[in-house]
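Hello,

I am passing a structure on to you, and my notes on what turned up in it follow below. Please have a look at it first and then read on.

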Amino acid sequence: MNFIKKNIHKLSLFAFIALVPVFTIFAQGTVQICDPAGGKICPPISVTSLNDFIKILLQGAIKIGIPIIALAIIYSGFLFVKARGNPGEIEVAKKSLLYTVIGAAILLGAWAIAQIITNTILAL
C-alpha cells in the first residue's frame with residue numbers, strides 16, 4: 001500500500017498512456033478499410049473489438065514471455081550448478097526457479113482464462 005501511495009502519479013500516468021490508444025480505437029466508431037496502394041498508411045494492429053485487442057496483446061505477451069521463461073529456467077540451472085553445494089547459493093537458485101515457475105504460471109494462466117472467457121462469450 002505504501003508503494004502505491006509513493007508512486008500514484010507514475011501509476012496513473014502509466015495507466016493513462018496504456019489506455020489512451022484503447023479508447024481512441026473504439027471512439028472512431030467505424031473501421032475504415034486501409035488501402036496501401038491508394039497512398040493510405042495502414043495501422044499495424046487493425047482491431048474491431050476489445051476482444052480482438054486483448055487477444056492480440058496476449059499473443060504478443062506469450063510470444064515474448066515464453067522465450068524469456070526458457071532463458072530464466074536455464075539461468076536457474078546455471079545457478080544450481082554454480083552453487084556446488086553451498087546452502088546459501090542453493091537457496092538463491094531455488095528462489096530463482098520458484099519465481100520463474102510462478103511467472104510462467106501467471107503468463108499461461110492469463111492466456112487460459114482469456115480463452116475460457118472468449119469461448120464462453122462466443123457460446124452465448
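In which helix of the protein is confidence lowest, and in which is it highest? Confidence is lowest in helix α2 (residues 8-27), with a mean of 68, and highest in α4, with 89. These are pLDDT values, the predictor's confidence in each residue on a scale from 0 to 100. Averaged over the protein, pLDDT is 80, and 75% of the residues score at least 70.

A word on the ground rules: this is a predicted model, in which local features need pLDDT of at least 70 and side-chain atom pairs count only at pLDDT 80 or more, while totals for chains, interfaces and linings use all residues. Residues are numbered from 1 along each chain as its sequence is written, and side-chain values use heavy atoms, with hydrogens and water left out.

**Overall layout**

The protein has 4 helices and 0 strands, giving the pattern α-α-α-α along the sequence. Helices (H or I, at least four residues) and strands (E, at least two) are DSSP runs, numbered from the N terminus. Of the 124 residues, 13% are buried; buried means under 20% relative accessible area, exposed over 50%, and partly exposed in between (1.4 Å probe, protein chains only). Contact means heavy atoms within 4.5 Å. Among contacts between residues at least 6 apart in sequence, 41% join residues at least 24 apart.

**The second largest pocket**

A pocket here is an open set of points on a 1 Å grid over the protein atoms alone, where a 1.4 Å probe fits, with protein on both sides within 12 Å along at least five of seven lines; lining residues have an atom within 4 Å of a point. The second largest pocket has a volume of about 210 Å³, a volume being the space filled by probe spheres set on the points, which are joined across faces, edges and corners. Both α3 (50-83) and α4 (87-123) supply at least two lining residues, and the largest share, 6 residues, comes from α4. Among the lining residues are Asn51, Lys55, Trp111 and Ile121.

**Two residues to look at**

Arginine 84 sits in the loop between α3 and α4. Arginine 84 has a positive phi of about 50°, although it is not a glycine. Most residues other than glycine have a negative phi. Arginine 84 counts as exposed because its relative accessibility is 76%.

Serine 96 belongs to helix α4 and counts as buried because its relative accessibility is 17%. Leaving aside residues up to four places away in sequence, serine 96 touches Tyr75, Ser76 and Leu79.

Best wishes
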